[in-house]
Amino acid sequence: MKKQGTDVSPGRISRRQFFDGLTTAIRGLFAFSLTYSSRLLARSVEQLPLGKLKTLIGHRVISRTDSNYEVIRQSSVWQMIKPDRFPALIVQAQSANDIIETIRYARASGKKISVRCGGHSYYSSFLQDDMVMLDLSYLQDISVDKETGTARVQPAARSVDFLKNIAEHGFSFPAAHCGNVPLGGFLLGGGLGWNGEAWGGMACFNIREVEVVTAAGELITADENRNADFYWAARGAGPDFFAVVTGFTLDLYKNPAVILTTTLVWEVGEAKTVAGWLDKKVRQMPDYVETLLILADNPEQQQPPGAGRICIVQASVFADTEEIARTALTPLAGDDIPGGCIDKSEFVPTPIADLYEWDDTAYPRLRWDVDALWSDDEPGELVGKLVEHVRAMPSGKSSILLLWKPYTRKLPDAAFSMIGSVYLACYAIWTSPDDDSRNNHWVRKTMQLLEPHTKGHYINESNYVDIPSRRVNSFSHVNHSKLKHLALKHDPDNLFHSYIE
Ligand SMILES: Cc1cc2nc3c(=O)[nH]c(=O)nc-3n(C[C@H](O)[C@H](O)[C@H](O)COP(=O)(O)OP(=O)(O)OC[C@H]3O[C@@H](n4cnc5c(N)ncnc54)[C@H](O)[C@@H]3O)c2cc1C
């Protein structure tokens, strides 16, 4: 199994200790003993010098003077823009105990901790000057409990590995659309996953329980009834979560027997009409249809520049029978499809195993700048403002995506609290550093054009690092205040890096 993140092969210690496939009773006892021992540790925050930390954790503690520091620092960032921010120390944790020791060290040496899971944050939020970067990429275990229909998963388990593993037991889950994205950051920020509208709205609403190490160095379990502040925040706080998640227990869904996809393509000039038509069609289709409109480039038509810009409609259904899936997609197969459709493929079966087949093409490991918004306005209006802007897109690898979420129910009470009937994300992807400013500008301009239609943002895909208001507007006003309050309550010394002001 290809591992994500740093270049060192993970070991396998402690997987059965407190996380994996123990029976509920043994797990309960064990969790108690770990919690108890971690309390003892927390109580005695004695000096833990670097030498001692290195003795305890070994070669997985990397200092700035170590020869492998720069390789590991750079490879911690998934994409090719590597910000000039330099942690004082990188600790590759393999267990909750490693995390607890790191907290003791950080407290004793007056350092803050930034948490890195799979390194997919578009803005490298985990890479912070002079902090201890706690790298969780070794924590990838997955175990399924068929009886309860749940899985226990460590945060760095990748979406592709998770879906494959649970499919073997007959289950599925709204994992990220890109297989390399691990569940940790994805779930903490909300999680727009496969078949999400049918499976909880956002993936985080399928978290039944979280295991976290707190700022006090305690390993605790949180759910609706126990340590409920942590449970509330773990569902949406994203980079402002005030503890370290070491494991999730997730509710699973029955693996669908069939996935059908319909794809329709127009020249981008038709995009406004298409978006208006699609908005009506979405309301004629059941809520389990995942409907996207993508403004992108047709690599086969490059001349004159901008000529090949296209508008793609893609609708997928996960269903128990082919008949159900076909019926759900039928509104897109009528005679009223807007004129000028240049390509059409209807009711195409997609084996579950192929969901991530296009990852290398769709998510190339190049330079990325991304921003996103929620809107309740007419999608046709939004798209109408983007047609010329898409023709002027500096990179043919970039795209703008709209995801319809018209049926999203009332959100459960959790940190995740900002949503709209349409999600729009702008992805600039390019190769050369010489093109950075043109592509950055293109993303900023996209967001400016859509400012009047913007209801709020999505913490996992909005630029909260350069634009602090993105963070605040990723939550409802009330929930943002609550998150601030909880962060102060549970991490009063501000041990964990966050963007909360
Ligand atoms: C190619 C690509 C495709 C993507 N596709 C999707 C998609 O389909 N749907 C979607 O919703 N999002 C998607 N995203 C966005 C993705 O969900 C976020 O970037 C997410 O934060 C990445 O998770 P990570 O574990 O790599 O987080 P990291 O980048 O490692 O960490 C980001 C921040 O999350 C916090 N964090 C992460 N793990 C923990 C933990 N265990 N405990 C405490 N804090 C933690 C830290 O504050 C950290 O700074 C995609 C991103 C990329 C690059």
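## Stop 1: two helices

Select helix H3 (residues 50-57) and helix H5 (residues 96-109): they pack at an angle of about 175°, with their axes 10 Å apart. Keep in mind that this is a predicted model. Angles over 145 degrees count as roughly antiparallel, so H3 and H5 are roughly antiparallel to each other.

Now show side chains at the contact. From H3, pick Leu50, Leu53, Leu56 and Ile57. They meet Asp98, Glu101, Thr102 and Tyr105 of H5. Sorted by class, this contact of H3 with H5 has five nonpolar, one polar and two charged residues.

## Stop 2: the largest cavity

Next, look inside. How many cavities of 30 Å³ or more does the structure hold? There are five. Go to the largest cavity, with about 80 Å³ of space.

- His177, Leu192, Gly193, Gly196, Glu197 and Gly201 are among the lining residues.
- Val289, Glu290 and Thr291 also line the largest cavity.
- Leu403, Trp404 and Lys405 belong to this lining too.

Colour by class, and you get four nonpolar, five polar and three charged residues.

Which strands each supply at least two residues of this lining? Highlight strand S13 (289-297) and strand S17 (399-404). S13 gives the largest share, three residues. Then colour by domain: domain 2 (142-254) and domain 3 (258-472) each contribute at least three residues to the lining of the largest cavity.

## Stop 3: the second largest cavity

Move to the second largest cavity, which has a volume of about 50 Å³. Select Glu197, Val282, Met285, Pro286 and Asp287, which are among its lining residues. By class, the lining of the second largest cavity has seven nonpolar, one polar and two charged residues.

How values were computed:
Residues are numbered from 1 along each chain as its sequence is written. This is a predicted model: local features need pLDDT of at least 70, side-chain atom pairs count only at pLDDT 80 or more; totals for chains, interfaces and linings use all residues. Side-chain values use heavy atoms; hydrogens and water are left out. On a 1 Å grid over the protein atoms alone, a cavity is a set of points where a 1.4 Å probe fits but cannot get out, and a pocket is an open set with protein on both sides within 12 Å along at least five of seven lines; lining residues have an atom within 4 Å of a point. Grid points are joined across faces, edges and corners, and a volume is the space filled by probe spheres set on the points. Helices (H or I, at least four residues) and strands (E, at least two) are DSSP runs, numbered from the N terminus. Ala, Val, Leu, Ile, Met, Phe, Trp, Tyr, Cys and Pro count as nonpolar, Asp, Glu, Lys and Arg as charged, and the others, Gly among them, as polar. Domain bounds come from an automatic or database domain assignment. Axes are lines fitted to C-alpha atoms, for helices over the stretch in contact, and angles run from 0 to 180 degrees between N-to-C directions. Angles under 35 degrees count as roughly parallel, over 145 as roughly antiparallel, 65 to 115 as roughly perpendicular and the rest as oblique. Contact means heavy atoms within 4.5 Å.
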